[in-house]
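Look at the sequence and the model first. The questions below then go through the fold piece by piece.

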Amino acid sequence: MTTSILESDLSAPSERRLEICVFCGAGRCTSQAVIDMARATGRLIGERGHRLLYGGGGSGLMGEVAWAASEHGAPIRGIIPRFLYERERAIAAPAQETQLTDTLYKRKEHMLRSADAFVALPGGFGTLDEILEVISATYLGVSAKPMIIVNTEGVWDDLVSLIATLGRFGFISPGEQPMFHTASSPLEAMEIIERLVPVGGAR
């Protein structure tokens, strides 16, 4: 059963070790390897005793991650704008706490505030926007929460290359802390997060 709460109602911190926010696409994915990777991400979040925070949809990679997390015991919180509730098939998501927002901006705001760490899987414009939001916040010193980009099938090769190119032109200055990390698998992503984020979370 899905429980809906209003945008203004914020959940109490998870009793689990970490609340991990996963960014990924809600559209149909044509790569079985990427689908399997999404399922593995959800499974590991559950098996390792964490909580899933995600976009709230039941379709695409969103649904794969959420169902795998649910099947392996992870508490789930989905944050979804009202206008995307049907489009991203929130009704097809597993049992979860669903937080409705009025805008995409509010969705991202709640995610950035609540999560202890972020994992980016393949996706479209929305996923790319979310990745850059976290990277920008880290670069500007607004946030210190780790972002892990899981680069399965080389999906994010061009993004990583573009960021390096912008750095060579002087638009991005190297900092003391990395703006993001890349991982070749969900397991590597979890290991990076658990190494970087203290027990009890980043709050």
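Reading the model

Q: Is R89 buried, partly exposed or exposed?
A: The relative accessible area of R89 is 45%. Buried means under 20% relative accessible area and exposed means over 50%, with partly exposed in between (1.4 Å probe, protein chains only). R89 therefore counts as partly exposed.

Q: Which atoms do the side-chain values use?
A: This is a predicted model in which local features need pLDDT of at least 70, side-chain atom pairs count only at pLDDT 80 or more, and totals for chains, interfaces and linings use all residues.

Q: How many helices and strands does the protein have?
A: Helices (H or I, at least four residues) and strands (E, at least two) are DSSP runs, numbered from the N terminus. From that end, the order of elements is β-β-α-β-α-β-β-α-β-α-β-α-β-α. The total is 6 helices and 8 strands.

Q: What percentage of the contacts with a separation of 6 or more comes from residues 24 or more positions apart?
A: Contact means heavy atoms within 4.5 Å. Among contacts with a separation of 6 or more, residues 24 or more positions apart account for 75%.

Q: Which residues does I193 contact, leaving aside its neighbours within four places in sequence?
A: I193 is one of the residues with the most contacts inside the largest core. In soluble globular proteins, nonpolar side chains tend to be buried together. The contacts of I193 beyond its sequence neighbours are L18, I20, A117, V119 and I148.

Q: How far apart should the ends of α1 be?
A: The expected span of a helix is 1.5 Å times one less than its number of residues. α1 has 16 residues, and the distance between its end C-alpha atoms agrees with the expected span, so both come to 22 Å.

Q: Which elements are included in what covers the buried residues of α1?
A: The buried residues of α1 include V34, M37, A40, T41 and L44. An α-helix has 3.6 residues a turn, so residues three or four places apart point the same way. The cover over the buried residues of α1 includes β2, β3, α2, β7 and α6.

Q: At what angle do α1 and α6 pack?
A: M37, A40, T41, L44 and I45 of α1 meet P186, L187 and M190 of α6. Axes are lines fitted to C-alpha atoms, for helices over the stretch in contact, and angles run from 0 to 180 degrees between N-to-C directions. The axes of α1 and α6 are 9 Å apart, and the angle is about 35°.

Q: What is the hand of the crossing of α1 and α2?
A: The axes of α1 and α2 lie 7 Å apart. A crossing is left-handed if the near helix is turned anticlockwise from the far one by less than a right angle, and right-handed if clockwise. α1 passes α2 in a crossing that is right-handed.

Q: Where does E153 lie?
A: E153 has a positive phi of about 60° although it is not a glycine. Its relative accessible area is 60%, so E153 is exposed. E153 is in the loop between β7 and α5.

Q: Which residues does T152 contact, leaving aside its neighbours within four places in sequence?
A: T152 lies in the loop between β7 (147-150) and α5 (157-168). T152 is buried because its relative accessible area is 12%. Its contacts beyond its sequence neighbours are A33, V34, M37 and S184.

Q: How far apart in space are A90 and G58, C-alpha to C-alpha?
A: A90 lies in the loop between β4 and β5, and at 1% relative accessibility A90 counts as buried. A90 is in contact with residues including G56, G57 and G58. A90 and G58 are 32 residues apart in sequence, and in space their C-alpha atoms are separated by 5.0 Å.

Conventions:
Residues are numbered from 1 along each chain as its sequence is written. Side-chain values use heavy atoms; hydrogens and water are left out. A nonpolar core is a set of buried Ala, Val, Leu, Ile, Met, Phe, Trp, Tyr and Cys residues joined through side-chain atoms within 4.5 Å.
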